[in-house]
Amino acid sequence: MIAEPSRLDQTTTIGKSEPRKDGPAKAAGLALYVSDISMPGVCYGAVLRSPHHHARILSIATSAAQALPGVTAVITAWDIPGKRIHGPLVQDQPALAWEVVRHMGEPVALVVAEDKTSAEKGLAAIQVEYEPLEAVFDACQALQPGAPLVHPSGNLLTEYDVSSGDLRSGFAQSEIILEETFQTPRISPAYLEAESALGYFDEEDRLTVVVSSQKPFDDRQHIAETLKLPIEEVRVKSAVVGGAFGGKEDSELHILAGLATWLTKRPVRLVNTRWESFLAHPKRHPATLHYKLGARADGTLLALEAVIHMDTGAYASYGPAVGSLLTEMVQGAYRIPNMRVITRVVYTNSPYSGAMRGFGSPQAHFATESMLDILAARLKMDPLELRRKNILQPEDHFFTRVQVGETAKSLPLILEQASAARERLRQSTPAAGRLSGVGLALSLQSMGLGHRVPDDSTNRLEWSPDGRLVIYIGAPELGQGMQTAVEQIAAETLGIPYQAVETIDVDSLVSPNGGVTCASRMTYLVGNSVILAARKLVDETLLYAAQKLNLPLEQLAYDKGMVRLPDGQQMAVSEFSGRAAEEGLILGASAMFSFPYPAERTPGHLPIGMPHIMHAFGANVVRVEVDPELGTVLVKEMVAIHDVGRVINRASVEGQVEGGAVMAIGYALTEAMQLKEGQRWVDSFTEYLIPTALDIPDKIETILLELPEISGPFGVKGIAEMGLVPVAPAIANAVFDAVGVRATELPIRPEIIAFSQPTLS
Amino acid sequence: MLTVGLTVNGSFFQIRTAPEKTLLDLLRYDLGMTGVKDACGGVGECGACTVLLDGKLVNACLVLVGQAEGREVVTIEGLADEASLHPIQHAFVEAGAIQCGFCTPGAILAAYDLLYHNPHPDDNQIREALSGNLCRCTGYTKMVAAVHNAEKELSHDC
């Protein structure tokens, strides 16, 4: 008997904070990240990067570098056997630039050397002649006539224009119309492990690249195309990944490691330094969001028009998809009958932007949730009551025309919790000289990649000869705890202990393609795939048992790791898997699960990737203390409320919420990757301030609601991004509550507060 | 070249090395102690290479090999014994204080140093002690809880 995922009671491991199995190795310092893997004779790879924001390359002279002792090879675009241009959605990014560099830090050449010192000497000896070109760093400016062209096709990469209802009549009926422009900064994922890759030839002389990546199978494709090799001749393996947050969905460094290894026939390791990670890997898009909001005097929302410009930098990366999700998330948790959102994703000469935790949602939420508080202040309404009046109901439709559905039932519960939390936080008194403020924001976040984007995952289960369950997972663990959750789902489904399950990291030689680890979808997607595979595995096991025992299949049953015989006797699965192993057989099964996009829920009038149909709502309530003279903000207390469908592993879910919340404190208060005096980008932790242990709230309370998603394994929705999404606007709203200053720009720097006149009405 | 003698996790090593090397390079590349991480490029910003040098918490990337001459180093590899993790390491695992794990060795050593000098720290003292160790995954909250749990376990031992 297999556990029925829809049965939410009587679970054994689901819901428990099982300790992650990679924990002991990580705590002991024994987990092997790409930079830790020992490899005899490994060469040191280093990338020569553009010192210009925009320049034509006139010549690249490598012979002096090539002649240096210890330098094995100097590689330029001309050495690439296959495709010289790559990109996850738009093929626009050279693996190595040869004609034009479009952002500071762009790779121009690759040095492979015996050691670091030789590699550095090699880099210094390469002579590149550049003709600097005029550069543009702002999305709006890049669309002006006469702006420097980043790509010959023009600076407008993608434009979305999505609407519903009748905007004109919506504004005509409005008794109050507000307009505001919001600005959000360029954010680095700033995972502690910078991007890295290690290429070598395996025991069968096959090119193998070990990656720190969210998508090893796509990396494999890009490497094969660059080298003009059949895909089977490239093997990709996942090392332990030191954080990703969307920033490890680009293949740039993995391609270079494959290229260097292939051309030199030597093992080569490439590890980005911190400044390279800042300059040459994707960022969260800076955005300018202009909102016009119309409402009745009683607070009923009637119309919203948003015009948004996103700076995708020099290359598209996931920009078009981020723009699409940002567009969808503008609506937030609210019923707005007349809407139009125009989003332009624009090329500039900034470092490129791409996927990062929230995927457009943090920008949209900062604007929408700030706008609601601005409206509440103008109408002298309680911001929470304004929200309560306008929340989506299950029968409502998003402006993408997707019905909201059952998930909206969480919203009244979320508001109830938020209201109680706000009362609690209001009881606290601030330290002397500081003013206390409490703010809140709701959140909407989707799960999955969106309609008409391949959105599936294949994973494999096997019984080991001694009866343990082995998961050949098809997508990498990034640190978030997906593997643990999937192991718990597998254990619960098959009725075996969590300790009896183990997971094999991605290796294209043995693992199925489980898709990209992203989009708050993995516990749902891989979990569902594993449940399907478990059913097939049980069938396979019983079939084998029937053959071996010479009994009719229908007289055998599976129960909790045992095969039950007609006489009531039970035999452990290991008796069969062990015997199969002796015969050279493996009892195993693979299954693919595809994210469902039922036709009746997926309107066809939208661009590819729209709409998303699975959503979860949440809220964040924060108390800040502001020093009105210095303008400094301390986030003192926080309550995070999220509907996760079902908690699989409580500690992991809390970890996602707490980690996302603290990351968002950086987004709200300190982080911005800016251009300093027009010359160079902020590119170190000294200038780019991510929160330390001293910047966290005294208390983060996580309240988890569990309104099951009917299609989810054991009811799961998702959690990886939601914890972050509402936090920055909640902080901005709390700052307004404390000192009456409305920050329309992130981060909320002290000078914004100290030099502002309060706008308390 | 320079010959440096130092004790690492109880074993004495004598190594010929370039004088411009840092203790981080020596530990990671000469001695293979890859639990000592590099996350900021060797400029002392992140705390991932935290080790104990004669019982003092240091960023190994800011110590030149010559400065380690004759001294005693403890890395994360020196905390557990053969059979089991140190109670602080165990507490980090149990509390869910580890996600990607890249900052974990440094954070655990910072917690070790704290509890050595102050067996019963309050939340603020723990946060102060961990403030030199950047973490991007956990939001530090479960690390603070882990240090409290370890504190209880360690005081039972006494």
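Me: A crossing is left-handed if the near helix is turned anticlockwise from the far one by less than a right angle, and right-handed if clockwise. Is the crossing in which α9(A) passes α10(A) left-handed or right-handed?

Reply: This is a predicted model, in which local features need pLDDT of at least 70, side-chain atom pairs count only at pLDDT 80 or more, and totals for chains, interfaces and linings use all residues. Residues are numbered from 1 along each chain as its sequence is written, while chains are lettered from A and ligands numbered from 1 in the order in which they are written. Helix α9 of chain A covers residues 319-329 (helices are DSSP runs of H or I with at least four residues, strands runs of E with at least two, numbered from the N terminus). The crossing in which α9(A) passes α10(A) is right-handed.

Me: How are α9(A) and α10(A) oriented to each other?

Reply: The axes of the two helices, α9(A) and α10(A), come within 8 Å and cross at roughly 30 degrees. Axes are lines fitted to C-alpha atoms, for helices over the stretch in contact, and angles run from 0 to 180 degrees between N-to-C directions. Angles under 35 degrees count as roughly parallel, over 145 as roughly antiparallel, 65 to 115 as roughly perpendicular and the rest as oblique. The orientation of α9(A) and α10(A) is therefore roughly parallel.

Me: How many residues of each class does the contact of α9(A) with α10(A) have?

Reply: On one side of the contact are A:Leu325, A:Leu326 and A:Met329 of α9(A), and on the other A:Ser361, A:Gln363, A:Ala364 and A:His365 of α10(A) (C-beta atoms, placed from the backbone, within 7 Å). Ala, Val, Leu, Ile, Met, Phe, Trp, Tyr, Cys and Pro count as nonpolar, Asp, Glu, Lys and Arg as charged, and the others, Gly among them, as polar. The contact of α9(A) with α10(A) has 4 nonpolar, 3 polar and no charged residues.

Me: What is the orientation of α10(A) to α17(A)?

Reply: Helix α10 of chain A runs over residues 361-379 and helix α17 of chain A over residues 727-739; their axes come within 8 Å and cross at roughly 30 degrees. That makes the orientation of α10(A) to α17(A) roughly parallel.

Me: Which residues of α10(A) and α17(A) make their contact?

Reply: The crossing of these helices, α10(A) and α17(A), is right-handed. From α10(A) the contact takes A:Pro362, A:His365, A:Phe366, A:Glu369, A:Ser370 and A:Asp373, and from α17(A) it takes A:Ala728, A:Pro729, A:Ala732, A:Asn733 and A:Phe736.

Me: How do the residues of the contact of α10(A) with α17(A) divide by class?

Reply: The contact includes A:Phe366 and A:Asp373 of α10(A) and A:Asn733 of α17(A). The residues of the contact of α10(A) with α17(A) divide into 6 nonpolar, 3 polar and 2 charged.

Me: How are α16(A) and α17(A) oriented to each other?

Reply: Helix α16 of chain A, residues 650-669, packs with α17(A) at an angle of about 55 degrees, the axes being 8 Å apart. The orientation of α16(A) and α17(A) is therefore oblique.

Me: How many nonpolar, polar and charged residues has the contact of α16(A) with α17(A)?

Reply: α16(A) passes α17(A) in a right-handed crossing. A:Ala661, A:Ala664, A:Ile665, A:Tyr667 and A:Ala668 in α16(A) meet A:Val727, A:Ala728, A:Ile731 and A:Ala732 in α17(A). By class, the contact of α16(A) with α17(A) has 9 nonpolar, no polar and no charged residues.

Me: Is A:Phe359 buried or exposed?

Reply: A:Phe359 lies in the loop between β17 (338-347) and α10 of chain A, and its phi is near 50 degrees, a positive value in a residue other than glycine. A residue is buried if 20 or more other C-beta atoms, placed from the backbone, lie within 10 Å of its own, exposed if 12 or fewer, and partly exposed in between. With 28 C-beta neighbours inside 10 Å, A:Phe359 counts as buried.

Me: What is phi of A:Ala190 near?

Reply: A:Ala190 sits in the loop between β10 (176-184) and β11 (196-201) of chain A. A:Ala190 is buried, with 26 other C-beta atoms within 10 Å. Phi of A:Ala190, a residue other than glycine, is positive and near 50 degrees.

Me: What is omega near in the cis peptide bond from A:Leu746 to A:Pro747?

Reply: A:Pro747 belongs to the loop between α17 and α18 (750-754) of chain A. The peptide bond from A:Leu746 to A:Pro747 is cis, with omega near -10 degrees.

Me: Which helix of chain B gives the most to the side of chain B that touches chain A?

Reply: The contact takes 40 residues from chain B and 46 residues from chain A. On the side of chain B that touches chain A, α2 (87-94), α3 (104-117), α4 (123-130) and α5 (141-157) of chain B each supply at least two residues. The most, 4 residues, comes from α2(B).

Notes:
Two residues are in contact if their C-beta atoms, placed from the backbone, lie within 7 Å.
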